[in-house]
Amino acid sequence: MVLIIFSINIVYVTFFTVRMIMTLKGYRYLAAVVSMVEVVIYIVGLGLVLDNLDQIQNLIAYALGYGSGVIIGSKIEEKMALGYITVNVITSEAGEYLPNQLREKGYGVTDWNANGRDGGRQSMQILTPRKMELKLYKAIQEIDPKAFIIAYEAKTIHGGFWVKTVKRGNLYK
């Protein structure tokens, strides 16, 4: 019984975590389907615990399964890598070399001259699918290991050549 409760709760919380992230990323209909499966699993698991409330090991299995489900759900979402990120890069290497190298790799780069504490800098803004995030960081660091990189989630995207390229499925080929 303990193993069943533990397993059910892992599956339930994994679905819960993935569904929550899908909702936040705008995949409402898919999240609704996932939530229907999630609630059935939840009711079965909770029913087993409530029917055997006098056995502390069932409560412990429920709690351990819940925590494990959060970790597994997060790992699954990490692999799914839904959505896009915007990466801002600041480098002391002024010029077109870094932006052009990144453009050749398929990234949409907008760059401009900037001023930092120690003088002139080049600033770039790059939009990329989250699935390509680590490859982008690696490409930047290969070209300029001292580049300052900061990333954040892009919620709404509209216009520009890059959006058209993504919709045609031609990015990163």
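Reader: What do buried and exposed mean here?

Author: Buried is under 20% relative accessible area, exposed is over 50%, and partly exposed is in between, using a 1.4 Å probe and protein chains only. Arg-117 has 79% relative accessibility, so it counts as exposed.

Reader: What kind of model is this?

Author: This is a predicted model, in which local features need pLDDT of at least 70 and side-chain atom pairs count only at pLDDT 80 or more, while totals for chains, interfaces and linings use all residues. Residues are numbered from 1 along each chain as its sequence is written, and side-chain values use heavy atoms, with hydrogens and water left out.

Reader: And what is the mean pLDDT?

Author: pLDDT is the predictor's confidence in each residue, from 0 to 100. The protein chain has a mean of 85, and 89% of its residues reach 70 or more.

Reader: Which element has the lowest mean?

Author: Helix H6 (residues 160-168), at 60, whereas strand S1 (residues 84-91) has the highest, 91. Helices (H or I, at least four residues) and strands (E, at least two) are DSSP runs, numbered from the N terminus. Where pLDDT is low, the predicted coordinates should not be read in detail.

Reader: Back to Arg-117. Which residue does its side chain meet in a salt bridge?

Author: Asp-118, at 3.4 Å from N to O. A salt bridge needs a side-chain nitrogen of Lys or Arg within 4 Å of a carboxyl oxygen of Asp or Glu. Asp-118 is exposed, with a relative accessible area of 56%.

Reader: How many salt bridges are there in the whole structure?

Author: Five. One of them joins the side chains of Glu-153 and Lys-25, 3.0 Å from N to O. Glu-153 lies in strand S4 (residues 148-154) and Lys-25 in the loop between H1 and H2, so this pair ties together parts 128 residues apart in sequence.

Reader: What about Asp-111?

Author: Asp-111 forms a salt bridge with Arg-103, with the closest N and O atoms 2.7 Å apart. Asp-111 is also among the residues that Ser-123 touches, as are Trp-112 and Val-89, leaving out residues up to four places away in sequence. Contact means heavy atoms within 4.5 Å. Ser-123 lies in strand S3 (residues 119-129) and counts as buried, at 7% relative accessibility.

Reader: Now helix H1. Why does its length agree with what it should span?

Author: The expected span of a helix is 1.5 Å times one less than its number of residues. H1 (residues 2-24) has 23 residues and should therefore span 33 Å; its end C-alpha atoms are 33 Å apart, which agrees.

Reader: What covers the buried residues of H1?

Author: The cover includes helix H2 (28-51) and H3. Among the buried residues of H1 are Ile-5, Tyr-12 and Met-22.

Reader: What follows H1?

Author: Gly-26, whose phi is positive, near 95°.
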